[in-house]
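User: I would like to study the fold of a protein chain step by step. Please show the model and then take my questions in turn.

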Amino acid sequence: MASKVAVVTGANKGIGFSVVKGLCSKFNGVVYLTARNRERGLEAVNNLKSIGLSPEFHILDMMVNTQSTEYQK
């Protein structure tokens with residue numbers, strides 16, 4: 001298990017996507033790319049994997065309270 005974890009919300013595009021890209025390049029730990037839409041999130045993960053990066057994906061909608069607590073487990 002990794003000792004450090006980064007979770008980036010809304011990361012399937014824009015600033016969030018860029019943050020995940022940067023973290024995957026420099027962060028010594030697991031980087032989670034999260035998005036409300038599974039298809040768009042997985043597409044973003046595949047784009048990053050195609051350039052040699054390895055983010056993990058998790059669907060996350062902060063408006064749904066039960067999803068935000070899944071990271072506490």
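**Strands, sheet and helices**

Analyst: In this predicted model, T34 stands opposite H58 in β3.

User: How many bridges join β2 and β3, and in which sense do the two strands pair?

Analyst: Strand β2 covers residues 30-35. Its pairing with β3 is in the parallel sense, and the number of bridges is four.

User: What is the order of the strands in the sheet?

Analyst: The sheet is open and is formed by three strands with parallel pairing. Their order is β1-β2-β3.

User: Why is one side of β1 and of β3 left without a neighbour in the sheet?

Analyst: β1 (5-8) and β3 (56-59) stand at the edges of the sheet. One side of each is left without a neighbour because each has a single partner strand.

User: Across which strands does helix α2 lie, and at about what angle does α2 run to β3?

Analyst: Helix α1 (residues 14-26) lies across β1 and β2 and runs at about 165° to β1. Helix α2 comprises residues 38-49. The strands that α2 lies across are β2 and β3, and its angle to β3 is about 170°.

User: What pattern does the chain follow along the sequence?

Analyst: The chain contains three helices and three strands. Read along the sequence, they give the pattern β-α-β-α-β-α.

User: What percentage of the residues counts as buried?

Analyst: A residue counts as buried when its relative accessible area is under 20%. The chain has 73 residues, and the buried share is 26%.

Note on methods: Residues numbered from 1 in each chain as written. Predicted model: local features only at pLDDT ≥ 70, side-chain atom pairs only at ≥ 80, totals over all residues. Heavy atoms only, no water. Buried < 20%, exposed > 50% of the residue type's maximum accessible area, 1.4 Å probe, protein only. Pairing = 2+ DSSP bridges. Contact = heavy atoms within 4.5 Å. Axes fitted to C-alpha atoms, helices over the stretch in contact; angles between N-to-C directions.
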